[in-house]
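Please examine the sequence and the model before reading on.

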Amino acid sequence: MKDQNCGYCVGGEVLGKFGIPICDLDVSQLILFREQSKPGRCIVAYKDHVSEIVHISDEERNRFFADVTRAAKALHKAFSPNKVNYGAYGDTGCHLHMHLVPKYEGGDEWGGVFQMNPDKVYLTEEEYAEMIEKIKACL
């Protein structure tokens, strides 16, 4: 099931406002978050338009978290963060997804309050492409 108003469902320009598709995983899509004040920040978005994790089967939930784990391992390997924070939000964008936010000691917001989009660091298309290839190589 897809929602034609959802960036995760329709992709293209709607998704492009905040993310760049990296690849499909088992039951989800890995997306690079455009704002990169935390280098390597990604989103793992479930394949179907469901709002809550309780709306999928136990098997699908396990497969979704396996995708999250696979992405997190790639981020650790590619960027060596001190910590990866995980956030599941969606009050207005009701599509099951998880933010993977690499954190670095001494870096942006280390030990502070998380901002959904600090709107501080954007890259060139070439830099995004390099980051995406680095992540793919570590999957």
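**Terms and model**

In this report, Ala, Val, Leu, Ile, Met, Phe, Trp, Tyr, Cys and Pro count as nonpolar, Asp, Glu, Lys and Arg count as charged, and the others, Gly among them, count as polar. The model is predicted.

**The largest pocket**

The largest pocket holds about 280 Å³ of space. Its lining consists of 18 residues, and Y8, F18, T92, G93 and H97 are the closest to its centre. Two elements, α1 (7-10) and β5 (97-103), each give two or more residues to this lining.

Sorted by class, the lining of the largest pocket comprises seven nonpolar, ten polar and one charged residues.

**The second largest pocket**

For the second largest pocket, the volume is about 170 Å³. The residues that line the second largest pocket are S51, E52, I53, A88, Y89, G90, G93, C94, H95, L96, H97 and M98. By class, this lining has six nonpolar, five polar and one charged residues.

**Residue V44**

V44 is located in strand β3, which covers residues 42-46. Is V44 buried or exposed? The relative accessibility of V44 is 0%, and a residue counts as buried under 20%; V44 is therefore buried.

Not counting residues up to four places away in sequence, V44 touches S28, Q29, L30, F64, D67, V68, A71, L96, H97, M98 and L100. One of these contacts, L100, is 56 residues from V44 in sequence, while the C-alpha atoms of V44 and L100 are 7.6 Å apart in space.

Definitions and conventions
Residues are numbered from 1 along each chain as its sequence is written. This is a predicted model: local features need pLDDT of at least 70, side-chain atom pairs count only at pLDDT 80 or more; totals for chains, interfaces and linings use all residues. Side-chain values use heavy atoms; hydrogens and water are left out. On a 1 Å grid over the protein atoms alone, a cavity is a set of points where a 1.4 Å probe fits but cannot get out, and a pocket is an open set with protein on both sides within 12 Å along at least five of seven lines; lining residues have an atom within 4 Å of a point. Grid points are joined across faces, edges and corners, and a volume is the space filled by probe spheres set on the points. Helices (H or I, at least four residues) and strands (E, at least two) are DSSP runs, numbered from the N terminus. Buried means under 20% relative accessible area, exposed over 50%, partly exposed in between (1.4 Å probe, protein chains only). Contact means heavy atoms within 4.5 Å.
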